[in-house]
Every structure is written in C-alpha cells, then in structure tokens.
Amino acid sequence: MDNMVTLGKITTTFGLKGMVRVKSETDFAKKRFKKGNKVHLVSPDGKEDFLFTVREFRDSGNFYFLGLEEIPDISDAEKYIGFEIRIPEEEATLPKGCYHVFDLMKCTVYDEEGHEIGKVIDVMSSSSTPNLKVARK
C-alpha cells in the first residue's frame, strides 16, 4: 500500500446502520468524505485492502462518523474496527502552504540565525497543535 495517505482509523461502530466512528488524521475530512468518494479500508497488518464508497459523513471534532455503501449494518461494521482509512496520495491534494505529515519527516530544522538544529523524526499530534520531534546533530 505505498503512496497512500491515512485519513483516520476506525475505533468502533456507531448505530445499527453500519456507521463507524473514526479517529481523524486529516484536517480536510469534509472534502475527503464527500458522498460518493472512494476510500480504502486497510487492515492493521496491511494485508487486507478493501475499496468502499462513502454514503454518509458527520463531523464531530477529533472523531467523525462515517457510513459506507458496502457496510449496511452493525455486524458488518464490527469486522473493520482497527482498520485505517486511506486514499491514494494523488487524491490527497492540499491548499498552498499546507503539508502532509510525511512531507515533514527528515526535513532539516534551523534556528532563527540559520544554524542547523537537526532533522524531524516524528510529528506528535497528541495536543491541539502538532509538535515536531527533532533529532539534534
């Protein structure tokens, strides 16, 4: 599954009509989950990849609720808990000045005087503002 962008991870089911609750990993959920858009559900081990069509989307901050055409009820939805939702990188366009997290990895960080500090090794998103973890020289 190279060249795929992760939009979120299914954490649980929601309701009886096959909706799932998704932990968001995108700032552009409304654009990514328009009705009729195609998304991939990829198993935690990466061995399974299923293509689905968005039926319904509701935003709820850090989580959102997603209905997929091919998942009609809760018993079908339970099979996909833990799966990541991904799209091909070429479909994940961003506005000017915005970057994917993977674009930041291994970037060199400089201080205000232009001295190299180190390279980005991780982007931590545990707070409302992502933080860069930098390995110093």
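Biologist: Why does N131 count as partly exposed?
Modeller: Its relative accessibility is 38%. Buried means under 20% relative accessible area, exposed means over 50%, and partly exposed is what lies in between, with a 1.4 Å probe and protein chains only. The value of 38% falls in between, so N131 is partly exposed.

Biologist: What sort of model is this?
Modeller: It is a predicted model, in which local features need pLDDT of at least 70 and side-chain atom pairs count only at pLDDT 80 or more, while totals for chains, interfaces and linings use all residues. Residues are numbered from 1 along each chain as its sequence is written, and side-chain values use heavy atoms, with hydrogens and water left out.

Biologist: Which residues is N131 in contact with, leaving aside its neighbours within four places in sequence?
Modeller: They are D122, V123 and M124. Contact means heavy atoms within 4.5 Å. N131 itself is found in strand 9; strands (E, at least two residues) and helices (H or I, at least four) are DSSP runs, numbered from the N terminus.

Biologist: What makes strand 7 and strand 9 edge strands?
Modeller: They belong to an open sheet of three strands with the order 7-8-9 and antiparallel pairing. Strand 7 (108-110) and strand 9 (131-136) each pair on one side only.

Biologist: What makes strand 5 mostly covered?
Modeller: Five of the six residues in strand 5 (residues 63-68) are buried. Strand 5 pairs in the antiparallel sense with strand 2 (residues 19-24) over four bridges, and V22 has Y64 as its partner there. Strand 4 (residues 49-60) also pairs with strand 5 in the antiparallel sense, over six bridges. Strands 4 and 5 form a hairpin with two residues between them. In its turn, G61 has a positive phi of about 80 degrees.

Biologist: How do you know that R32 has no salt bridge?
Modeller: A salt bridge needs a side-chain nitrogen of Lys or Arg within 4 Å of a carboxyl oxygen of Asp or Glu. Lys and Arg count as positive, Asp and Glu as negative, and His and the chain ends are not counted. The nearest side chain of opposite charge, E91, is 8.0 Å away, so R32 has no salt bridge. R32 lies in helix 1 (residues 29-32) and is buried.

Key: Two strands pair if DSSP finds at least two bridges between them.
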